[in-house]
Amino acid sequence: MKNINWNKGLKQLKNIKMTDTEKDQIFKSVMNYPLPKQSPIKSNWVTYSQIFAFKKHKMAYYTVIASLIVILSGQGIVYASQDSLPGDILYPVKIKVLEPVRSALTLSTEAKAEYESNLATKRLEEAEKLASNNKLDKDTEKRISELVKNHTSALDNDLSRLNKSSKNKKEKVDDIVTNFQAGMNAHSQVLEEILGSNDYIENESEDDSISKTARDSGNKVRQNYRNDDHDLKKYKFKKESVESIINSTTKDIENIKDNRSKAKQNVIENTHKKLDQAKELLKNADDKNEKSDNENAYNDLLDSESSAKEANIFLNVGLKIEDHRNNNKEHNDDSKSESREVRSFLDNND
């Protein structure tokens, strides 16, 4: 088995290369990376100190360039790993090399926070793919949960720096936080639907449950960055945004074809429940806003936004997975039918 996996991995490495655009993007990021500004301590040996500092900085710079050359040359091993899943031979390359390198080359704190949020979501999507193919075992689930916790910790650090950098960044922090919480909650529910809600909820109290880890992560980040900075103009703009998400998701449900399967109907019903929750939170926000309870009004509005986004994500991802399941079922049915025809043909010609 190990030889088969190894040969499969080697074949992948030989056939995949980075595109010219991707190489150019990484090259520009490294070339634009600022060298550290550190003045050497003046002394009687100032000349030697300057030479040493110059060499130290140049060595660091050349180390990055050398790493860049390794990445850009040959078969693009690092890039080849990005579609791998836990258990694949190239997966460690993705999470231990490719993703940390991209994070290091992401210069702004805002972009770093968004990147870590996206990585946490990607871990849940990987779990969904494994679960869809009955390949999500307890050990893998524990490893994915730990990765989600790591991404959440990195995200929290980035948001903390971003929040302190400027008052103008608070609105961006709100967007990143609500997107993160919505993604964690929505994908948790999708994963539960794939695994079977009843059996999965029974095990949800376990620390290594991906669903529990994701929800806890979303709630933790949301609690850490509740926004007490409120004004009427911002409130009105945010309210219009939330109402737009609710209306858009409602229209998406109405546009679904009539021939709904039981599984799709379940997705739609759960989406309606989450939309109802978003509407209730929006009403609470308006009530508090009228009473000049500005801080709580705006935080309820953010919670409403998170629920609305969660409903939208759950609807789209849930329907996509159900379509994938149906396609697999049709393919398996066709394969079984072809097998029966072949056996019948062979039996008739014996």
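A residue counts as exposed when its relative accessible area is over 50%. In this predicted model, Ser 292 has a relative accessible area of 56% and is therefore exposed. Ser 292 lies in the loop that connects α12 (262-290) with α13 (294-348). Although Ser 292 is not a glycine, its phi is positive, at about 65 degrees.

Asn 134 is another non-glycine residue with a positive phi, here of about 55 degrees. The loop between α6 (109-132) and α7 holds Asn 134. With a relative accessible area of 75%, Asn 134 is likewise exposed.

## Packing of α7 and α8

Two packed helices are described by the angle between their axes and the distance between the axes. For helix α7 (residues 138-165) and helix α8 (residues 170-195), the angle is about 165 degrees and the axes are 10 Å apart. Because angles over 145 degrees count as roughly antiparallel, α7 is roughly antiparallel to α8. The two helices, α7 and α8, cross in a left-handed sense.

On the α7 side, the contact is formed by Val 148, Thr 152, Leu 155, Leu 159, Leu 162 and Asn 163. Helix α8 contributes Lys 170, Val 173, Ile 176, Val 177, Phe 180 and Met 184. Sorted by class, the residues of this contact between α7 and α8 comprise 9 nonpolar, 2 polar and 1 charged.

## The largest nonpolar core

The largest nonpolar core contains 49 residues, of which Leu 136 and Leu 159 touch the most other members. Two or more residues of this core come from each of α6, α7, α8, α10 (210-224), α11 (232-254), α12 and α13. Helix α13 makes the greatest contribution to the core, giving 11 residues.

Leu 159 also takes part in the contact of α7 with α8.

Asn 270 is located in helix α12. Its relative accessible area is 14%, and Asn 270 is therefore buried, the cut-off for that class being under 20%. Not counting residues up to four places away in sequence, Asn 270 touches Gln 189, Glu 193 and Phe 314. Asn 134, by contrast, is exposed, whereas Asn 270 is buried.

Key. Residues numbered from 1 in each chain as written. Predicted model: local features only at pLDDT ≥ 70, side-chain atom pairs only at ≥ 80, totals over all residues. Heavy atoms only, no water. Axes fitted to C-alpha atoms, helices over the stretch in contact; angles between N-to-C directions. Helix = DSSP H or I, 4+ residues; strand = E, 2+ residues; numbered from the N terminus. Parallel < 35°, antiparallel > 145°, perpendicular 65-115°, else oblique. Left-handed = near helix turned anticlockwise from the far one by under 90°. Contact = heavy atoms within 4.5 Å. Nonpolar A, V, L, I, M, F, W, Y, C, P; charged D, E, K, R; others polar. Buried < 20%, exposed > 50% of the residue type's maximum accessible area, 1.4 Å probe, protein only. Core = buried A, V, L, I, M, F, W, Y, C linked by side-chain atoms within 4.5 Å.
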